Structures are given as structure tokens and as C-alpha cells.
Amino acid sequence: MIFDVSVQGRTVKAEVKATTADSYTVVIDGRPHVVDFRETGRDFASLLLDGRSFEAGLERREDGFVVHLPADNIAVVLQEAARGSAAAHKKASGPSRVTAPMPGKVVRLLVEAGQEVAAGAGLLVMEAMKMENELRAPRAGRVQSVAAREGLAVETGALLVVIE
Amino acid sequence: MNLKKILIANRGEIAVRVIRACRELGIPSVAVYSEADRLALHVRRADEAYEIGPAPSRESYLRMDRILDVAKRCGADAIHPGYGFLSENAAFARACEEAGITFIGPRAETIQAMGEKTSARRIAVEAGVPVVPGTLHPVASDEEIRREASRIGFPLMLKAAAGGGGKGLRLVPHADDLATAVDRARSEAKSAFGDDSVYLEKAVLKPRHIEIQVMADAHGNAIHLYERECTIQRRHQKVIEESPSPFLTPELRERMGSLAVALVKKVGYVNAGTLEFLVDKDREPYFLEMNTRLQVEHPVTEMVTNLDLVKLQIRVAQGERLPITQEDVRQTGHAIECRVYAEDPERGFLPSPGRIAALRVPGGPGVRDDSGVYEGYDVPIHYDPMISKLVAWGRTREDAIGRMRRAVSEYKVLGIQTTLPFFERVMRHPDFLAGDFDTSFVDVAFRRHEVVREAPWEVAVAAAAIQAFRDRKARRGALSQSAGAAPVSGWRVRGWREGAGGRL
């Protein structure tokens, strides 16, 4: 099974071949590694990679894993290569959607629809975990719409303001 | 007088910490909790637990009437307030006194005198303790704030008079930033302490934040338990503390200890308390404020003095004399604490609440983890995002740092972001290793001087690719079997066979 992988700004190919139930050969960009992989608990595995021992936490994400190693948490995005590498590139232009970076409460709105804002201008104030954080405009433009309302509790990713 | 039952008017790790002390002393403990906290660890650990209202702290952990009502109904004769919430609320201490319930902390009048920050500054001046220049009274009107601000000059610090823990606190670099800062500080202070008055202080540049732990009994005995270095902060909130401070000379340490004891004796202080100082680059100390309660970072002091501060608090509240004198207090070895927050250090320390999918906690020599969470726990959005305090002790600062680095590498929290990766980097940072940092460390020096090490990304790729491979095989196996027998995991088959073999 071959994966297209992106990790820490790199794009590599990784091929996984099972040799026995727990033993694998993983070829990363042409370099083979012998890996003994055993689950050691929910979301954890012990890896012996070319004889080096690693305890890894494997946190599942929609597009891959965050791998917790002793000193690093590394996000690994992967996709099976056979399925076509249709890594859809997002459109760079168009309106900017400002979404909630965390669950919390909208405390104050600082802008209204139609208003011109400079890049970095405060849009609204959110409260989460007892701290107030000001969300700022990612770029200059006109406020197209304000979906947030004062006092509203929002989840991560909730649309708050659109700037065009 | 021996206390019969202690109610803990708090939540999270500090409530668990107090429950542990109660259990060691054989005193039954009572937890209180909000609707959001039924499954919090303190509820599970206490002997008794009672709900006191909806999730927002204003309607639960700050409701004195409900907490006192629970105390009366369950027969608790003492209340430990922890830190935050009602711990520095003189009205609450007074209400306890009036209800005949022992408040495990100083007397209400002392909290009032020392807890209101400007009054503490006035008392310090009277006791001959140097303070940061600024207002000696809370300022109310915007007009007065503007006038005082231009008198003191910029940059200045705007602080909630009732404040603590970095809430309601703003650095104001220029006059233009004043109005927004006042707004924000007031609103935060109102929601955190129910009091929106503020005061102003000149900002001390490149300061060290060093505090002295004190302990006093009701018989006029007061001692200090040396210092804690709390300079490493983000958003004016401490993230790493240590003792001893690598910055203090023996002379300055003795001087600050004596100043602290003098101030404590002047106000007839009882119980545990902390005097916070700013020390400027010329090693001049300025008294900042007193926290009339247990501190988050008290374990650092416990590790180097070999004392249990919570048990001492309870003994003093029972009217006992301090079991030790100043001469008995020794600062042995070095301790470091890292506050593990549910925050994303890669995104400006944004809160990262949510479910802890998996958890592994470090152990071994010299390591202590004061946690308020567990695997499967949902870190709620309503409260402070600190989930645990990781403490390492070593014979020297170098030993302690080595242990902390090792403990951080063992600590695994999956499902939410935490500050652990940040600590891993700090424990390798040349400025931190050299003990050379000021309060701007997190924002400035950290990035500038960090030695970047390449992460073992190919190990991560191998782990992720194998896991994805196994997931896909399992899914295909499940699909091909779904027409016939239900899929059976290898583990279950083996377990069943061994079980059967043993019986037959």
C-alpha cells in the first residue's frame, strides 16, 4: 500500500508492506525501514524501527494522524496513492471567512456589515476559559456579513464574520 | 480543636490536592460542583459531593450562599477555598466566620487589607517594603484613569484591584491603547471577581517575577519558606516556576524573606500566603501584591522544603502552633513546575478544550503530577484551562531540568492540545538553561534564541503509515466478513482459547 504523505512541510511517498502480523517494511522516499509495530493500548503503539525503540501515541485526524513521540507531536497527513492524488487546491482569492478558533462565547461585536476594515482591525471579542480574546481581520476589506451575535455560544469553526 | 469535616469550595486539581491532604489527615472531605462538573476528578475523589448550580462560576463556584448552605447541611465545620474563585473574597471569609465555620485562610479583615491591591501597597509602604510606583488607591472614573496614567507615564500596567492570576491585567504601551485596555480589563475583572475597579502601576522593564512563600499561625509566629521564581509567563500568567531562583544572591534571598516576614507580622497575618515581588535588572526588589491564599505553584516549595503546605494550613486553622521555626526551614535541592494547560502553544496559546482521548502520566524518581483530569475526561470551556502541574525535583538545577525533560517526554495527552511540547522546547532552550530570562521570555527570547532540532519525522511517517495500513486492512476484513460471521479480533480469540484451555 503506497501513501502520499505530507509531514512538516515535506511531501514524501511511503510504501507499507506486511512481512508478518506485526512486522513491516516501510519504504520512505526509496529508503527501506524494518519496523516491528505492536499496539500497547488504546491509541498507542510500540515501534522498533531498525532496532530503535519508540513509544508513539497515534491521534486520529480526518486526514491522517498526529503522532506523539517522546519529544515531538508530529502531524502526518496521508492519502492512499492509488486513489489519485487529487489534493484539491483551495482557491486563494474570494471572501475571507473568519471562524471561531475555539469553543466559547461572543462577548462583543466590534464591526457591522458594510463597514470597511483594515488588516488586523478588531472584529469581535470572544471569551473562552475566562480569557477574552480579540479576533482580528486577516486582511483589509469590507465586512460582507456578520454571523456572530453578542452572547452567542459557538463551537470551533463556527462562521463569525465574512470579509470581502 | 480538631476539624471534623472539610468542604472544598473549588474544583479541578487544587480541589484534588486538598482532598488528598484531608485523606492523609483522616478528615472527611466534601466536594461541591457545577452542572458541568459532575464527572470532574474532585467529585470522584471526595467523600461527599453536592451540586451547587449551573456551569458559569458566577452561578456556582462563586455562590457563597449555596456553598455555605451545603456546608451547614452536610455538617462541614471548615471550608478550604483553594485558589481563585472565593479564596480571596473577604465577604466569604466573614460569612464563614459568622456561620461558625472555620475558613482555612487568613481572617476576613486581613484579606480585605491585603487582598485589595492598593491597600496592600499602602501597608507595604508603611512597613518599609519598597513598591512599584503607581496609584495607592483604586481609580474609578475614566477621567481619573487618564489623569493618573499621564502622571505615571507609559508604558504602564493596568490591574484589577481585586485581581489575581493574570485576570483583568493589561500592559498599556501607549496612551492610545488606554481606552481599549481599560474596557477589556474592567470586563474581565467584573466576570472573574465581581468587582471592576482598577489601579495603575509603572511597568518595570525586563523584570523578574519572584515571590516569597510565608506561613503564619494565630499565635504570632511567622516564617518564610524561601522564594519561587515565576518569571516565565504568557499573558501575564505563570507557566513555569522554580525554586531556588537562579537570579537571587544569598543576601537578596535573606533580605526578601525578612521583608516578607515583617509585612506579614505587621498585619497579623494567619495561614499560608505569598508576597510577589518584581526584581529589576539591578536586583532591586519591589513588592507587587500579596496573595492571601495557597498558590498554584506551592508544590515547588513543598519539594525543596519537604513540607506539606496544605496540611500546615489545616493545622494552623485548627489553632495549632507552627511545628517549625525559621531555623528549621531548609531549601534543599531544586524544583521546577510546568503548568500543563489545555492550550495550543503553536497558535498563541489558544484554549483547546475537549475530550482527553488517551493519557499517560510520567512517574519515576523526583517526579510529581498534580492533576485534575483523567483519560476520557472532557475539559470544559467554562473554567481555567490548566489540567495538571508537573513538578520535578533534583539535587541541582541541572538535575531538575534533566528530570523535567524526561518526565515531559513520558507525558502523553491525546485528543487536545497542551503546553507540553512548549515545555520540551523550553527545557532545551539555552537562555533557560543559563537561567537568563525575564518576563518577555515566551514572547521574545524563546523564538529568537531557540536551537531548532530536527524532529524524527520519518518515525512519525512510519507509525502513521502502518496504522493507516492496519486500519484499512481491518475495514476491508470487516466488509468481507460482514456477509458471514461477525469479525472477531485476534485478542478476543486468543483470550477465549486461553480461558477455555485453563478451565478444561
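**Note on a predicted two-chain model**

1. Contact between the chains. In this predicted model, 45 residues of chain A are in contact with 38 residues of chain B. On the chain A side, the elements that give two or more residues are all strands: E1 (2-7), E2 (10-18), E3 (23-28), E4 (31-41), E5 (44-49), E6 (52-61), E7 (64-69) and E8 (72-80) of chain A. By class, the side of chain A that touches chain B has 32 nonpolar residues, with seven polar and six charged ones.

2. The sheet of chain B. Chain B holds an open sheet of five strands, in the order E3-E2-E1-E4-E5 and with parallel pairing. Its edge strands are E3 (48-51) and E5 (102-103) of chain B, each of which pairs on one side only. As background, strands of a sheet pair through backbone hydrogen bonds, in either a parallel or an antiparallel manner.

3. One strand pair in detail. Strand E2 (residues 29-33) of chain B pairs with E3(B) in the parallel sense, over four bridges. For a place to look, take Val30(B), whose bridge partner in E3(B) is Glu48(B).

4. Helix H3 of chain B. The buried residues of this helix (residues 64-74) are Ile67(B), Leu68(B), Val70(B) and Ala71(B). They cover an arc of only 155 degrees around the axis, so they lie on the same side of H3(B). Asp65(B) and Arg73(B), on the other side of H3(B), are exposed.

5. Just after H3(B) comes Gly75(B), which takes a positive phi of about 80 degrees.

6. Helices H4 and H5 of chain B. H4 (residues 90-98) and H5 (residues 108-115) of chain B pack with their axes 8 Å apart, at an angle of about 175 degrees. Angles over 145 degrees count as roughly antiparallel, and H4(B) and H5(B) are therefore roughly antiparallel to each other.

7. The residues between H4 and H5. From H4(B), the residues that take part are Ala90(B), Ala93(B), Arg94(B) and Glu97(B); in H5(B) they meet Ala108(B), Ile111(B), Gln112(B) and Gly115(B). By class, the contact of H4(B) with H5(B) has four nonpolar, two polar and two charged residues.

Definitions and conventions
Residues are numbered from 1 along each chain as its sequence is written. Chains are lettered from A and ligands numbered from 1 in the order in which they are written. This is a predicted model: local features need pLDDT of at least 70, side-chain atom pairs count only at pLDDT 80 or more; totals for chains, interfaces and linings use all residues. Two strands pair if DSSP finds at least two bridges between them. Two residues are in contact if their C-beta atoms, placed from the backbone, lie within 7 Å. Ala, Val, Leu, Ile, Met, Phe, Trp, Tyr, Cys and Pro count as nonpolar, Asp, Glu, Lys and Arg as charged, and the others, Gly among them, as polar. Axes are lines fitted to C-alpha atoms, for helices over the stretch in contact, and angles run from 0 to 180 degrees between N-to-C directions. Angles under 35 degrees count as roughly parallel, over 145 as roughly antiparallel, 65 to 115 as roughly perpendicular and the rest as oblique. A residue is buried if 20 or more other C-beta atoms lie within 10 Å of its own, exposed if 12 or fewer, and partly exposed in between; C-beta atoms are placed from the backbone. The arc is that of the directions from the helix axis to the C-beta atoms.
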